[in-house]
Amino acid sequence: MQRLLLPPLKALLGSPGARLLVPRATPGAQCGCSCGIRRPLRPGQYSTVTEVALQSGKGSVSLPSKAAERVVGQWLLVCSGTVAGAVILGGVTRLTESGLSMVDWHLIKEMKPPTSQEEWEAEFSKYQQFPEFKILNHDMTLAEFKFIWYMEYSHRMWGRIVGLVYILPAAYFWRKRWLSSGMKVRVLALCGLVCFQGLLGWYMVKSGLEEKPDSHDIPRVSQYRLAAHLGSALVLYCASLWTSLSLLLPQHKLPETCQLLWLRRFAGGTAGLVFLTALSGAFVAGLDAGLVYNSFPKMGESWIPEDLFTFSPVLRNVFENPTMVQFDHRVLVVLVISLSSPQGIASVTAITALYFLSRRIPLPRRTKMAAVTLLALAYTQVVLGISTLLMYVPTPLAATHQSGSLALLSGALWLMNELRRIPK
């Protein structure tokens, strides 16, 4: 038996590949003592593979690529969750009309809230100098001001938490060499978008603090800046969630058929419509367009109201006329709900068509689960939207409806990620 086993073992241990993995002994290392103490290897004693890793990593060995990808994917999933929390909290801040309570912006100074009666009175005095108090809240008490102030304060502090959740782990992963070259570019873009989002938020708030002598409307932030603020947050959320799902979920090897190509395109188009519908909600919120026609399916007594084109030029109505803004939001919902099927047989629900199209193709169980989840979220969101409209936009229900749009967008991204093509 020894004659059979010893020659192959000697040949294996003597091969160049094995010598790379074994520490090279130095003359002084073989002392012949039996003390059993393991002395640390000197730089000249490391194997070739370890020396290369230490030289490139400056003393730290990187995780295996799959393990690093999983850690980065989990981090980005947490990041997308914090962005979702910021969007939801921002919606509640808008619904409670709290966004203009803090009339200045300081990165560090404003992190400490007022603590004494004098500090609160000074903060309230600053708020009283701006249009919202003079026109809308002239009879507000200090206790009522504290409520709206803390709402805006919570939103701003949450935004700082989002920034830390992105930037600090990104710096750590970068130093540990856990990011590929492509992932470094993506992470830099995400961190830059987080910083831009904070500046855009203050730029939005400033629009509501400006004096407008020619306007008789109640003070509110610009619906254009509100849409830009929400849109950039949605882009940040989608990019983070898509990247995390791509890193965490094993990719399916789907047969590239014409039906799969249709399904993939249909899923992408539906996700785009969901994003656009959510973005149009910013114009509805910015103009309080949800309070114009509180009836469904008709708008008042007619399907198409007479005051759709009140403003001139006509294009202004799309973004500044509350009636047209609500009408557009309804039409976008209809486009998501009523879109022609690829065969042109009948007008069917876009997401429902997507679901039934997915049933005609042999898909993995997880992909089918994504299609079913998207279908359930779509109809839940429709019910929430109609209920919010008919009940004159109560804050809890409206906040749930806004959160539902984010959930629906997440479901669409999940299905798109399940159907993505494997790179060659």
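The axes of helix 9 (223–248) and helix 10 (258–286) come within 8 Å and cross at roughly 150°, where axes are lines fitted to C-alpha atoms, for helices over the stretch in contact, and angles run from 0 to 180 degrees between N-to-C directions. Helix 9 and helix 10 are therefore roughly antiparallel, a label given to angles over 145 degrees, whereas angles under 35 count as roughly parallel, 65 to 115 as roughly perpendicular and the rest as oblique. This is a predicted model, in which local features need pLDDT of at least 70 and side-chain atom pairs count only at pLDDT 80 or more, while totals for chains, interfaces and linings use all residues. Residues are numbered from 1 along each chain as its sequence is written, and side-chain values use heavy atoms, with hydrogens and water left out.

- On the side of helix 9, the contact (heavy atoms within 4.5 Å) includes Gln223, Tyr224, Leu230 and Cys238, and on the side of helix 10 it includes Phe275, Ala278, Phe283 and Gly286.
- The residues of this contact divide into 13 nonpolar, three polar and no charged; Ala, Val, Leu, Ile, Met, Phe, Trp, Tyr, Cys and Pro count as nonpolar, Asp, Glu, Lys and Arg as charged, and the others, Gly among them, as polar.
- The axes of helix 8 and helix 9 come within 9 Å and cross at roughly 160°, which makes helix 8 roughly antiparallel to helix 9.
- The crossing of helix 8 and helix 9 is left-handed, and their contact has 15 nonpolar, seven polar and three charged residues.

**Overall make-up and cores**

- The protein chain has 15 helices and two strands, which are DSSP runs numbered from the N terminus (H or I of at least four residues for helices, E of at least two for strands).
- Of the 424 residues in the protein chain, 40% are buried, where buried means under 20% relative accessible area, exposed over 50% and partly exposed in between (1.4 Å probe, protein chains only).
- The largest nonpolar core holds 56 residues, of which Trp75, Tyr166 and Leu419 touch the most other members; such a core is a set of buried Ala, Val, Leu, Ile, Met, Phe, Trp, Tyr and Cys residues joined through side-chain atoms within 4.5 Å.
- Among the elements that give two or more residues to this core are helix 4 (65–95) and helix 7 (142–175), and helix 4 provides the largest share, nine residues.
- Leaving aside neighbours within four places in sequence, tryptophan 75 is in contact with Val165, Tyr166, Pro169, Ala170, Phe173 and Val187.
- A second, separate core of 27 residues includes Met102, Tyr127, Val284 and Ala285.

**Backbone geometry in loops**

- The loop between helix 10 and helix 11 (315–320) contains proline 297, and the peptide bond to it from phenylalanine 296 is cis, with omega near 5°.
- Proline 313 is also found in the loop between helix 10 and helix 11, and a cis peptide bond with omega about 0° joins serine 312 to proline 313.
- Aspartate 288, in the loop between helix 10 and helix 11, has a positive phi near 55° although it is not glycine, and it is partly exposed at a relative accessible area of 23%.
- Tyrosine 392, in the loop between helix 14 and helix 15, has a positive phi near 60° and counts as exposed at 56% relative accessibility.

Definitions and conventions. A crossing is left-handed if the near helix is turned anticlockwise from the far one by less than a right angle, and right-handed if clockwise.
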